[in-house]
Amino acid sequence: MPHAARPLGFYARLSIAAALATMALKGTAWLLTGSVGLLSDAMESLVNLAGAVMALWMLGIAARPADAEHAFGHSKAEYFASGFEGFLIMGAACAIAWAGAQRLLSPAPLHDVGLGLLVSLLASAINGAVGMVLLRAARQHRSIALEADARHLFADVWTSAAVLLGLLAAWASGWWWLDPLLALLVAVHIVREGLRLVQRSVSGLMDQALPPHEIGAIERVLDTYRTQGIEFHALRTRQAGARSFAAMHVLVPGAWTVQQGHDLLHALEAALQQAVPQLHVITHLEPIEDPASFNEPGL
C-alpha cells in the first residue's frame with residue numbers, strides 16, 4: 001500500500017512497535033553491561049513509547065471532521081502530542097542526568113561490553129529505519145505529531161551513536177568515568193530536543209503564520225491577479241496541524257455583478273489551493289472604488 005494511502009494511525013502504531021522493540025533491546029544491553037550510558041538510551045526509548053501512544057491518541061482526534069463546536073476541525077490536537085513528547089523528553093533527561101551524576105561520583109567497570117554494543121546497534125538500526133518512514137509520512141500528510149516522533153527517533157539514533165563510541169573508548173582505555181560523563185552529555189542534548197518540540201507546539205497553538213515560502217507562494221498567485229486590476233489586502237494566514245488557513249479581502253470594480261465576483265473568487269481559491277496544498281481560503285469581496293474597503297481593522 002502506498003505511503004500516502006495509509007492512515008496516520010498506521011505510522012503511530014509502527015512507532016509504538018519500534019519503541020517496544022528498542023526498549024527491550026536497550027534494556028537488555030544495559031543489564032548485560034551495567035552502563036548508565038546505555039541505561040539513558042533505554043530510558044529515552046521509554047519516552048519514545050509514551051510519545052507514540054500520545055501521538056496515536058491525538059492523531060485520532062485530529063482526524064475527526066469539523067462539527068458544530070469545532071467548525072475549523074480538530075487538527076490542532078496534534079500540537080498537544082508534540083508538546084507532550086517534548087515535556088517527556090525533558091523529564092527523561094533529568095532522570096538520565098541524576099543516574100549519570102551518581103555513577104560519575106562512583107565509577108564502576110562495565111561487563112560484556114561487546115555483546116551489549118551489538119544489541120544496542122540493532123536497536124539503533126530499528127529506530128533509524130522507522131524514523132525515515134515516519135518523516136516521509138509526516139511530510140506527505142503535513143503532520144507535526146508524526147514529525148515530532150520521527151525527529152525524536154533520529155535524535156535517539158545520534159544519542160545511541162555517541163553512547164556506543166564512548167563505551168568503546170571507555171572499554172579500550174579503562175577510563176570508566178567516560179560512561180557517566182556521556183550520560184550527562186546525552187541529557188543535555190535531550191533537553192534541547194525537548195525544548196524545541198515544546199516551542200514549536202506553543203507556536204502552533206498560538207496561530208503562528210504560515211512559513212515564509214508558503215506566504216511567498218500565495219503572494220505570487222495574488223500578483224497574477226493584480227496585473228488584471230484586482231487588489232488585495234488584510235491577508236492573514238495560520239497553521240493548524242496539517243491544515244493551513246488564509247483569509248484576505250479582494251477588491252474588484254464596484255460595477256461587477258455578483259456572478260463575476262463569485263467566478264473570480266472561485267478561480268482565485270482554486271489557484272491558491274494548487275500553490276499551497278491543503279490551504280483553506282476565506283475571502284471577502286469589496287468594491288475597489290470605496291476608500292473604506294482599504295481599512296484593515298485589527299492589523
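Here are a few questions and answers about this predicted model.

User: Before we start, which pLDDT do local features need here?
Analyst: Residues are numbered from 1 along each chain as its sequence is written, and side-chain values use heavy atoms, with hydrogens and water left out. In this predicted model, side-chain atom pairs count only at pLDDT 80 or more, totals for chains, interfaces and linings use all residues, and local features need pLDDT of at least 70.

User: In what order do the three strands of the open sheet come?
Analyst: Strands are DSSP runs of E, at least two residues, and helices are runs of H or I, at least four, numbered from the N terminus. Two strands pair if DSSP finds at least two bridges between them. The edge strands, each pairing on one side only, are E1 (231–240) and E3 (279–287). Pairing in this open sheet is mixed, and the order is E1-E2-E3.

User: Which residue is the bridge partner of Leu251 in E3?
Analyst: Strand E2 covers residues 243–252 and pairs with E3 in the parallel sense over nine bridges. Along E3, Ser244 stands opposite Leu279. For Leu251, the partner in E3 is Glu286.

User: At about what angle does helix H7 run to E1?
Analyst: Axes are lines fitted to C-alpha atoms, for helices over the stretch in contact (heavy atoms within 4.5 Å). Angles run from 0 to 180 degrees between N-to-C directions. H7 (residues 212–226) lies across E1, E2 and E3, and its angle to E1 is about 155°.

User: How far apart are the C-alpha centres of domain 1 and domain 2?
Analyst: Domain bounds come from an automatic or database domain assignment. That gives domain 1 (8–206) and domain 2 (212–294). Their C-alpha centres lie apart by 42 Å.

User: What area do domain 1 and domain 2 bury between them?
Analyst: Buried area is the accessible area (1.4 Å probe) that two parts lose on being put together, summed over both. Here, 44% of it is on carbon and sulfur atoms. In domain 1, Phe72, Ser75 and Arg142 lose the most, together 67% of what that side buries. The total between the two domains is about 890 Å².
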